[in-house]
Amino acid sequence: MIDNIAAIGVQPEDIDIVVTTHCHGDHIGWNVTYDGDTPIKTFPNSTHWIAERDWEHYSKPENDNPAFDRSVKPLEQLGALKLIGGVEQLSPGISTLPTNGHTPGQQCVLIKSGDQTGVITGDLFHSVAQVTEQSWCPTFDWNTRMSTQSRKNLLMLASTQEWVVFSGHLATGRSIGHVVSEGGKSVWKPL
Ligand SMILES: [Zn+2]
C-alpha cells in the first residue's frame with residue numbers, strides 16, 4: 001500500500017484520517033508498524049476511526065483476534081484512536097454508514113463528489129454471487145441474519161441511487177462497479 005500511494009504522490013505523513021471498515025486482519029495491517037516490540041504509527045499524522053462495536057467486541061478476551069491486538073489495540077496508547085458510534089461525518093463529503101453483521105461494527109464509507117456518490121463496502125460482500133444471491137454469507141460473517149439485512153439494504157441503495165461501489169475482495173480490475181437490475185435480478189457490473 002505504501003508503494004501504491006507513493007505512486008500517486010501521497011506520502012505517509014500526508015494521511016490524516018484512516019477509516020477502518022472492520023477489524024479483521026486483512027483490513028487493518030498498515031495501522032502500525034513495529035520497531036522490535038514497539039508499535040509506531042505508519043501514518044504519523046493520522047487519527048484512526050474505528051467502530052465502537054468492533055472495539056468493544058475484540059477487546060474481550062473470549063473474542064480472540066491477534067491481528068486486532070497487534071494492529072488496532074496500540075492505537076489507544078499512541079493517542080490515535082477515535083471510536084465511531086454510528087453515522088459519522090469525517091470530512092466534507094465523506095461519512096461512515098453502519099452495515100453491521102460481518103463483524104459487530106462493520107461499516108461502509110460514503111464519498112459524495114459533485115452529483116456522484118461512491119461507497120467503500122469493506123466486507124459487506126465477498127463475491128459477485130452475493131450481489132445476486134444477497135442472503136448467501138461466507139463463514140466469516142459474525143451474524144448472518146444481520147449481515148444479510150445490511151447487505152440487502154446497502155445494495156438496494158447502491159442500485160436505486162446508482163452509487164459507484166468499491167468492493168473489498170473482488171478481482172483486481174473488476175472490483176469497482178455498479179449494482180444493476182437485469183431480468184429482475186441484481187447483478188454486478190464492473191466499471
Ligand atoms: Zn472481514
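Me: Which residues have the most contacts inside the largest nonpolar core?
Reply: Those residues are Cys 108, Val 119, Ala 158 and Val 179, in a core of 15 residues. A nonpolar core here is a set of buried Ala, Val, Leu, Ile, Met, Phe, Trp, Tyr and Cys residues joined through C-beta atoms within 7 Å. Buried means that 20 or more other C-beta atoms, placed from the backbone, lie within 10 Å of the residue's own. The model is predicted, local features need pLDDT of at least 70, side-chain atom pairs count only at pLDDT 80 or more, and totals for chains, interfaces and linings use all residues. Residues are numbered from 1 along each chain as its sequence is written.

Me: What is Val 179 in contact with, leaving aside neighbours within four places in sequence?
Reply: Its partners are Val 131, Leu 155, Ala 158, Ser 159, Val 165, Ser 186 and Trp 188. Two residues are in contact if their C-beta atoms, placed from the backbone, lie within 7 Å.

Me: How many residues are in the second, separate core?
Reply: That core has 11 residues, including Trp 55, Val 72, Leu 75 and Ile 84.

Me: And helix α2, which of its residues are buried?
Reply: In α2 (residues 52-59), Arg 53, Asp 54, Trp 55 and Tyr 58 are buried. These residues pack against β4 (47-51), α3 (66-71) and β5 (81-84).

Me: Changing topic, how is the protein divided?
Reply: There is a domain 1 (1-85) and a domain 2 (87-191), with bounds from an automatic or database domain assignment. Their C-alpha centres lie 22 Å apart.

Me: How many residues are in contact between the two domains?
Reply: On the domain 1 side there are 14, in contact with 16 residues of domain 2. Helix α2 gives the most to the side of domain 1 that touches domain 2, with 4 residues.

Me: Finally, how many bridges join β7 to β8?
Reply: There are 5, and β7 (residues 94-98) runs antiparallel to β8. Thr 96 has Val 109 in β8 as its bridge partner. Strands β8 and β9 are also antiparallel, joined by 5 bridges.

Me: Which residue takes a positive phi in the hairpin of β8 and β9?
Reply: Gly 114 does, near 60°, and the hairpin has 2 residues between the strands.

Technical notes: Buried ≥ 20, exposed ≤ 12 C-beta atoms within 10 Å, placed from the backbone. Pairing = 2+ DSSP bridges.
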